[in-house]
Amino acid sequence: MTLAIIGTGNMAKGLATVFSTGGNAIVLGSRDPSEAASVAGSFGDAVSAASIPDAVAKADIIFLAVPYDAAAEVLKAAGDLAGKIVVDLTNPMKADFSGLAIGFSTSAAEEIARLAPRAKVVKGFNTLFASVLQNGGQVAEIPATVLLAGDDADAVAEVEALVKSAGLKAIVVGPLTASRNIEAVAALNIGLGYGQGKGTNIAPTWVGI
């Protein structure tokens, strides 16, 4: 399948790392295609570059590897998202990273679903640091866990299968409203990694699942 990764930052590079060896066609989408081409070049022929709407048009699954504050503008630039699976990686953190800016009654994923009502939004990958993905999705030589949530069961299952094909562990936690809990887990992980100086080679998981 074709995967569109929107963004050119560390998370985008991490996703390209874990998916580029699985036989998928990967397109990096950016408002600046030349910047996307520069990043894609480091992956050889496995990754190409395009504008955001061109990347979306080619894709079976789209990953929002951008800050939450940029998501609305990216979705507006994306064009027609009807029927597309959109994986939301964002975390709505406060500017000082001390906690979530929104939560309890909504989540970044739910807000993104409202902005793209014809898309199939799935929450995922937001609990992992980019460095974990750039390390092939491994933490201490153990596959990292990707927590997934979404309202479209088929879309969630497709993303779950993609996660597993990349050698990572997938746990489906519930409907899109469960993103409120996933984003809280991400905030805790960020607090441990940055606030308490535990570093970014850490990731949450559950044993026995």
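**Cavity.** I looked up the lining of the largest cavity by class: eight nonpolar residues, no polar and no charged. My classes put Ala, Val, Leu, Ile, Met, Phe, Trp, Tyr, Cys and Pro under nonpolar, Asp, Glu, Lys and Arg under charged, and the others, Gly among them, under polar. The lining residues are Ile-6, Ile-62, Leu-64, Val-74, Leu-75, Ala-78, Leu-81 and Val-86. I get a volume of about 30 Å³ for this cavity, and a search of the whole structure finds one cavity of 30 Å³ or more. By element, β4 (61-64) and α4 each supply at least two lining residues, with α4 giving the most, three.

**Ground rules.** I note that this is a predicted model, where local features need pLDDT of at least 70 and side-chain atom pairs count only at pLDDT 80 or more, while totals for chains, interfaces and linings use all residues. Residues are numbered from 1 along each chain as its sequence is written, and side-chain values use heavy atoms, with hydrogens and water left out.

For the holes I use a 1 Å grid over the protein atoms alone: a cavity is a set of points where a 1.4 Å probe fits but cannot get out, a pocket is an open set with protein on both sides within 12 Å along at least five of seven lines, and lining residues have an atom within 4 Å of a point. Points are joined across faces, edges and corners, and a volume is the space filled by probe spheres set on them. Helices (H or I, at least four residues) and strands (E, at least two) are DSSP runs, numbered from the N terminus.

**Pocket.** Which residues lie nearest the centre of the largest pocket? I find Met-11, Ala-65, Val-66, Pro-67 and Tyr-68 there, out of 38 lining residues. The elements giving two or more residues to that lining are α1 (10-19), β2 (25-30), α4 (68-78), α6 (130-134) and α8 (179-195). The pocket holds about 840 Å³ of space. Its lining has 21 nonpolar, 13 polar and four charged residues.

**Helix α8.** I checked the length: at 1.5 Å a residue, the 17 residues of α8 should span 24 Å, and the end C-alpha atoms are 22 Å apart, so the two agree. The expected span is 1.5 Å times one less than the number of residues. Buried (under 20% relative accessible area, with exposed over 50% and partly exposed in between, 1.4 Å probe, protein chains only) applies in α8 to residues including Ile-182, Val-185, Ala-186, Asn-189 and Ile-190. Their cover includes β5 (85-88), α5 (108-115) and β9 (145-150). Val-185 sits in α8 and, leaving aside neighbours within four places in sequence, is in contact (heavy atoms within 4.5 Å) with Thr-127, Leu-147, Pro-204 and Trp-206. Just after α8, I see Gly-197 with a positive phi of about 70°.

**Thr-106.** Beyond neighbours within four places, I list contacts with Glu-111, Arg-114 and Arg-180.

**Whole chain.** I count eight helices and ten strands. Buried residues make up 49% of the 209 residues. The C-alpha trace spans about 40 × 35 × 35 Å along its principal axes. Among contacts between residues at least 6 apart in sequence, 66% join residues at least 24 apart.
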